[in-house]
Amino acid sequence: MTTDNRKDRRFSRRKFMKTAAAAGGTLLAGSAPGMWKPESKKRHKRPSNPDPDLMLVNGRIHTMDAANRIVSSVAIKDGRFVEVGYSHRYREGSGTRVIDLRGRTVVPGIIDNHNHIVLMGNRPGYHTPLENAYSIPDVQAIYAARAAGIPRGAWITTIGGFHSNHIYANPADPTSGRLPTRAELDAAVPDNPAFIEIGFTGPAVTNSAGKAIFESQGITVSDTGAMSGNNPSRALLYLRQTLLTPAERRRSVIDAMNYAASVGVTTHLDQGAFQATNTASDGAAHEDNFTMHIPFLEVYGQGEGIVRLRINFLHMESDPNTPELVQRLKNAFPFFGDDMVRTGGIGEFIAQGTSVTSPFAAAAQKVAQAGWRAEVHSLGRRQTPSSNPADFELEIMGFEAANASFPGIVRETRWVVAHVPGITQEWIDRLQAIGGNLSLTGWQYLAGNLPTSTVAPYAGPPFRMIVDSGNRADGIHSGMSSDGMQIAPMNPWLHMYYATTGLNARRVLINPGQQITRQEVLSLYTSHNGWFLHEEDQLGTIEEGKLADLVVLNSDYFAVADDDLKKIRSVLTVVDGEVVYNAGVLRWHGG
Ligand SMILES: [Zn+2]
């Protein structure tokens, strides 16, 4: 990216913050709109100005560097950290904005190495995350706030990233564990049609305004607003076909980025979508893999991208010749782009299926031959030692075969198996031997249960086993991810809760013996994920010379009670040296 482009983006980003506040975008995180009044920066007029652009002082800044330093101040210039801890090389100048952290905890910008933010940015309607709702009144408050910032009559939607198990603040409350009803949604948003869908295909619920519209389309809605069978997917198809204009997709992209900044996720490695058929067999995870990036690229092109995006290409062909994968490998570029938006590898699928009769192993050979990275996902486990191989075993064998044909490719380009709820020590060691990596996901938090397997008797992933394996000499690399936005929330603090407690959303222990520490899971989400992106020299820690991404937290992540981990939010998010989210609780001067 040229210097000129960077300046353009900064200017546009400030313009965006005003627009987002005026549109009520910041209401998603519960902050007051309009408090952030960015001012022009003198450094743009005087590029030779030696002063830092931004200084944060009087904080507890966890750098997550190799020495695990905690410092009180940082200075940022031209999008990078220029001073971490006081060394008196940099002083506040006339062009410097200084933020007093008043003792607050700061961490590096969170990196999510496996999610689906591109799907979230292509949702029809005013998609409104409910991943931070714990009760029916929470849902009502979030929806009422959303309605206040959008046109009367506009659709309010929540498509995935949420589960009725999350409505569990008080287990004794009879409304716990269920979706809101039509009447409860009517009370919150009487003037806007609403649609809430769990997971990939429902169940779902709507309010009276939505019910009338859906029924006019022949879609069945019960008297309580509940929708089941294929009705949620028919409803979603109708919303996509009637609402998703190019302008609405761009607005949805900005909403998704704004939400990400509010929970501190500053970099996203997107893992694609199931290819849309434009029929009612499509679910929340379906989109057109060949066009869905366009609204994101437009937003970045207009200088309004406020979080970093890395793009994997998902290929799921059953044709043994995998012709689309072949063309992708010939005609696209891996790890190509700039610091804000860049391509990645092939994933989270390289072919349909993983069995020996599927194209999987042949696809792995093709990816290796082209010198690309492969990322695949595993959701399986063995029930007993004698049962059939689990998906991760077939995947790792496919990786081993590709690595035998093209020696060193797995280690060099850092191939990945993601989720791995049922992986065992034996297979961790086999993957580690060829230089493969693991992406760990807390998605079982929402709807996971304790499994009956005798081989892997934990809901997984086995965080403890994997982190301990990584601590050995030349140990396996692992990083943390959400797998949001259908089956799981994006909010990283929920995944950190799960990794450190083993408790699901209903507070049942489902991952016994596999808990890791807060320091460990935060390092998986920051420094380790810099490695995952192939950008460990640029991202993941607060160090001089690295890109200036950080999150100021609303409470001390290292000290709060377990349950309060779920309430952690950003009060100020910096990406590329720019304040991209501000809840309005910090004071600053200068600049
Ligand atoms: Zn995924």
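Start at Ser481: with a relative accessible area of 0%, this residue is buried. The model on your screen is a predicted one.

**Stop 1: Ser481**

Select Ser481 and show its side chain. The residue sits in strand β22, which covers residues 477-481. Why does Ser481 count as buried? Its relative accessible area is 0%, and buried means under 20%.

The side chains of Ser481 and Ser439 are joined by a polar contact of 3.0 Å. Thr441 also makes a side-chain polar contact with the side chain of Ser481, again listed at 3.0 Å.

Neighbours within four places in sequence are set aside here. The contacts of Ser481 then include Asp112, Asn113 and His114. Ser439, Leu440, Thr441 and Gly442 are also in contact with Ser481. His495 and Tyr525 complete the list.

**Stop 2: strand β23**

Go to residues 550-553, which form strand β23. Which residues of β23 point one way, and which the other? Leu550 and Val552 share one direction, while Val551 and Leu553 take the other. All of them are buried.

Next, show the strands that pair with β23. Select residues 105-108 for β7, which runs antiparallel to β23 and is joined to it by three bridges. Then select residues 570-575 for β24. How many bridges join β23 to β24? There are four, and these strands run antiparallel.

Centre the view on Val551. Val107 stands opposite Val551 in β23. In β24, Thr573 is the bridge partner of Val551.

**Stop 3: the largest pocket**

Turn to the largest pocket, with a volume of about 340 Å³. Its lining has 20 residues, and those closest to the pocket centre are Arg249, Asn278, Glu287, Asp288 and Thr291.

Helices α7 (231-243), α8 (246-262) and α9 (294-301) each supply at least two lining residues, and so does strand β16 (286-287). What is the make-up of the lining by residue class? Seven residues are nonpolar, seven are polar and six are charged.

**Stop 4: two cis peptide bonds**

Select Gly347 and Glu348 and show the backbone. The peptide bond that joins them is cis, with omega about 5 degrees. Glu348 is in the loop between β18 (341-346) and α11 (360-370).

Move on to Gly460 and Pro461. Here too the peptide bond is cis, with omega near 0 degrees. Where is Pro461 found? Look in the loop between α15 (444-447) and α16 (463-470).

**Stop 5: two positive phi values**

Select Met64. Its phi is near 60 degrees, a positive value in a residue other than glycine. Met64 belongs to the loop between β2 (60-62) and β3 (70-71). Is Met64 buried or exposed? At 4% relative accessibility, Met64 counts as buried.

Finish at Thr322. Phi is near 35 degrees for Thr322, a positive value in a residue other than glycine. The loop holding Thr322 runs between β17 (308-313) and α10 (323-331). Thr322 has 1% relative accessibility, so it counts as buried.

Methods
Residues numbered from 1 in each chain as written. Predicted model: local features only at pLDDT ≥ 70, side-chain atom pairs only at ≥ 80, totals over all residues. Heavy atoms only, no water. 1 Å grid on protein atoms, 1.4 Å probe; cavity = no way out; pocket = protein on both sides within 12 Å on 5 of 7 lines; lining within 4 Å. Points joined across faces, edges and corners; volume = space filled by probe spheres on them. Nonpolar A, V, L, I, M, F, W, Y, C, P; charged D, E, K, R; others polar. Buried < 20%, exposed > 50% of the residue type's maximum accessible area, 1.4 Å probe, protein only. Polar contact = N/O pair within 3.5 Å; in protein donor to acceptor, adjacent residues only side chain to side chain. Contact = heavy atoms within 4.5 Å. Pairing = 2+ DSSP bridges.
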